[in-house]
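Please open the model in a viewer and keep the selection tool at hand. The stops below are taken in order.

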Amino acid sequence: MTAAADFDEFKPQRLEPLTALRAFRRLIRNKEDTAQVFEIMRALSGGSIGHGYNRMLKTMEGGRQAFLREELAHRLDDPEWLVRFGPGTVGAAYREFREARGFTAEGLADEARKVAPLADAEHPVIWYSRRLRDVHDIWHVLTGYETDALGEACVVAFSYAQTHNLGFAFIGWGAAREIQRENRSIPARRAVWQAYRNGRVARWLPGLDYEVLFARPLDEARAHLGIRPASAYHAVPVEARQALKLRA
């Protein structure tokens with residue numbers, strides 16, 4: 001690959017809605033096929049990643065994080081680092097969240113690599129895209145959305161408000177539509193819309209110092225960041241959420 005071709009990978013990308021639609025259909029058939037999420041994000045990211053990185057540079061803490069360019073995935077998969085955070089903290093809640101589900105940050109990274117050959121490139125904008133990938137499960141913890149189909153739809157709607165990546169909006173609204181087709185009693189669109197509005201009013205999360213955040217009590221962190229309760233989501237009975245199949 002030439003230097004010019006390499007550079008093209010970091011420019012705002014042309015939107016590919018048909019690619020996103022095909023990937024979404026595969027995701028609906030198997031919501032565990034996480035690679036399709038990254039395919040949708042790649043197809044619809046446009047200039048959002050570059051804009052997000054530039055926004056990061058305009059804040060004191062965001063600029064410091066960009067200067068340090070630490071790989072969050074390495075931290076999040078370090079058990080000795082995670083065990084430092086005491087009961088009730090964001091870090092402890094994250095540790096419990098991933099242990100209960102068997103998740104790892106590297107596992108999510110592996111899914112991204114299936115559709116993004118340059119996912120590990122040493123480039124600041126690509127580093128920022130990795131950061132957005134690695135905070136996904138942290139945002140589950142902060143927002144209170146679980147990993148059932150409705151919870152995933154809500155957390156990506158929240159993420160759209162934070163990042164303006166159309167891929168998040170496409171997945172969130174599409175999943176809400178499929179959920180209501182499967183079970184009309186579940187107010188999926190209302191829950192997803194509330195998640196989007198919660199993301200709009202919350203502080204901007206991509207530029208935070210996550211090590212400092214992990215040491216804070218979870219309830220205090222939510223209040224500090226302006227993250228509102230996910231009331232529409234939690235109004236849906238757990239049994240109804242867990243019963244969702246989300247199949248086309």
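This is a predicted model: local features need pLDDT of at least 70, side-chain atom pairs count only at pLDDT 80 or more; totals for chains, interfaces and linings use all residues.

Residues are numbered from 1 along each chain as its sequence is written, and side-chain values use heavy atoms, without hydrogens and water.

**First selection: residues 35–44 and 166–182**

These are helices α3 and α13, whose axes lie 7 Å apart at an angle of about 130°. Show the side chains of Val37, Ile40, Met41 and Leu44 in α3, which meet Leu166, Gly167, Phe168, Phe170 and Ile171 in α13 (contact means heavy atoms within 4.5 Å). By class, this contact has 8 nonpolar, 1 polar and no charged residues.

**Next: residues 90–101 and 136–143**

Helices α8 and α11 cross at roughly 115°, and their axes come within 10 Å. The two are therefore roughly perpendicular to each other. On α8, select Val90, Ala93, Tyr94 and Phe97; on α11, select Asp137, Ile138, His140, Val141 and Leu142; these residues make the contact.

**Last: the cores**

A nonpolar core is a set of buried nonpolar residues joined through side-chain atoms within 4.5 Å, buried being under 20% relative accessible area with a 1.4 Å probe. The largest has 61 residues, and those with the most contacts inside it include Ile138, Trp139 and Leu150. Helix α12 (residues 149–163) gives the largest share, 9 residues. Apart from this core lies another, of 8 residues, among them Tyr53, Met56, Val125 and Tyr128.

Terms used. Axes are lines fitted to C-alpha atoms, for helices over the stretch in contact, and angles run from 0 to 180 degrees between N-to-C directions. Helices (H or I, at least four residues) and strands (E, at least two) are DSSP runs, numbered from the N terminus. Ala, Val, Leu, Ile, Met, Phe, Trp, Tyr, Cys and Pro count as nonpolar, Asp, Glu, Lys and Arg as charged, and the others, Gly among them, as polar. Buried means under 20% relative accessible area, exposed over 50%, partly exposed in between (1.4 Å probe, protein chains only). Angles under 35 degrees count as roughly parallel, over 145 as roughly antiparallel, 65 to 115 as roughly perpendicular and the rest as oblique.
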